Amino acid sequence: MGITDELQQLRQRGVEAISAAPDLASLDAVRVEYLGKKGSLTAILRGLGGLSAEERPLVGRVSNEVRVALEEALAVRQADLAASALEARIGAETIDVTLPGRAHPVGSRHLIEQIRTEVIDIFLGLGYKIAEGPEVELDYYNFTALNTPPDHPARSLQDTFYVRDLSGEQADIEGESDVLLRTHTSPVQVRVMEKSEPPIYVLAPGKVYRRDIADPSHLPQFTQIEGLVVDEGITFGDLKGTLDHVCKAIFGPDRRTRFRPHFFPFTEPSAEVDVSCGICDGKGCRFCKGSGWLEILGCGMVDPNVFGYAGIDPERYSGFAFGMGVERIAALKYNIPDLRMLLEGDMRFLRQF
Ligand code: PHE
């Protein structure tokens with residue numbers, strides 16, 4: 001086989017290899033194989049020197065044609081491959097602008113927090129200041145200074161969570177201890193009176209704890225809002241007027257309130273305040289257990305004994321106090337049949353408020 005036939009075959013193989021190259025990298029390998037420094041065509045061109053003077057021009061021309069043909073084929077194939085590579089990339093990177101966007105749900109304040117703030121705002125409007133006390137409280141403030149002697153049933157283990165240091169001296173002590181989880185916000189009354197001089201107009205919202213099993217009307221942890229007023233000439237009429245105003249502000253002018261005589265160790269006289277049932281409007285139903293009324297707070301005139309513990313002169317000053325349950329207010333305002341719903345975090349329930 002003559003050298004020009006060899007060249008034609010090389011061209012044909014080269015063109016086939018070029019059009020068969022699946023991607024730019026293999027195309028470049030083909031280019032090196034044929035046209036590179038150690039490539040097949042280069043090898044033939046190197047051998048031109050050994051040819052006779054007659055043969056040389058023909059072989060030279062043919063090899064030049066083969067080189068040009070291969071270079072052209074390479075250029076065409078390269079353009080094709082580059083175009084399809086770009087197309088593939090564009091295809092893969094396509095953004096579907098019709099997809100719905102990612103929603104960022106906006107939260108809202110929990111109903112308990114809403115009511116807490118609402119009540120605080122009402123009292124701030126009346127000129128009250130906010131006070132705070134610890135949730136882990138001393139027996140002294142939770143009971144003793146509130147005129148609740150050591151044998152009082154409210155201290156019983158059935159009602160109170162006592163706190164003991166199990167690594168220390170108290171490890172062996174059974175039952176009551178000096179430290180407990182406050183069962184009401186009333187200890188803040190004593191702490192405020194110890195520290196300040198009348199006139200005192202304070203509101204003390206906070207968490208309280210009782211050894212109750214959670215059921216539709218009880219929670220082992222709930223929120224109270226305590227109020228305390230100490231000034232010269234404060235009467236039960238001031239207490240009634242204040243709470244009446246507050247109840248109407250919370251529940252609206254259509255709900256009625258009533259004061260019922262009651263007993264608390266730290267107030268005398270004492271009362272409980274009921275609001276008319278929002279479900280039956282006072283006629284009596286299952287929600288209000290047939291009475292038409294729902295209890296929302298305890299209150300009374302500060303017992304002089306409590307003034308004694310807190311260092312306030314009962315001859316000069318008098319005062320009233322009250323404590324209301326935030327979860328109860330929420331339940332009564334929105335007719336929530338089970339207090340546990342407030343703590344379950346079910347969005348279908350919470351979204352309603
Ligand atoms: N501390 C009482 C309770 O938890 C409520 C109360 C507060 C009553 C202040 C009278 C005065 O039931």
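This report walks through a strand trio, a helix pair and the nonpolar cores of a predicted model.

## Strand β9 and its neighbours

Let's start with β9, which spans residues 293–302. Nine of its 10 residues are buried, so count this strand as mostly covered. On one hand, β9 pairs with β8 (residues 267–276) in the antiparallel sense, over eight bridges. On the other, β9 pairs with β10 (residues 318–325), again in the antiparallel sense, over five bridges.

## Helices α2 and α4

Next, look at α2 (residues 24–35) and α4 (residues 55–92), whose axes come within 10 Å and cross at roughly 170°. Because angles over 145 degrees count as roughly antiparallel, α2 is described that way relative to α4.

From α2, the residues in this contact are Leu-24, Leu-27, Arg-31, Tyr-34 and Leu-35. Their counterparts in α4 include Arg-67, Leu-70, Glu-71 and Leu-74. By class, the contact holds eight nonpolar, one polar and four charged residues.

## The nonpolar cores

The largest nonpolar core has 45 residues, and Phe-322 and Met-324 have the most contacts inside it. Helix α5 (residues 111–125) gives the most to this core, with seven residues. A separate core of 21 residues lies apart from it, with Val-190, Ile-200, Leu-228 and Ile-312 among them.

If you zoom in on Phe-322, you will find that it touches Leu-297, Gly-298 and Cys-299, among others. Its other contacts include Phe-123, Leu-203, Ile-225 and Leu-243.

Conventions. Residues numbered from 1 in each chain as written. Predicted model: local features only at pLDDT ≥ 70, side-chain atom pairs only at ≥ 80, totals over all residues. Heavy atoms only, no water. Buried < 20%, exposed > 50% of the residue type's maximum accessible area, 1.4 Å probe, protein only. Helix = DSSP H or I, 4+ residues; strand = E, 2+ residues; numbered from the N terminus. Pairing = 2+ DSSP bridges. Axes fitted to C-alpha atoms, helices over the stretch in contact; angles between N-to-C directions. Parallel < 35°, antiparallel > 145°, perpendicular 65-115°, else oblique. Contact = heavy atoms within 4.5 Å. Nonpolar A, V, L, I, M, F, W, Y, C, P; charged D, E, K, R; others polar. Core = buried A, V, L, I, M, F, W, Y, C linked by side-chain atoms within 4.5 Å. Lists of a residue's contacts leave out its neighbours within four places in sequence.
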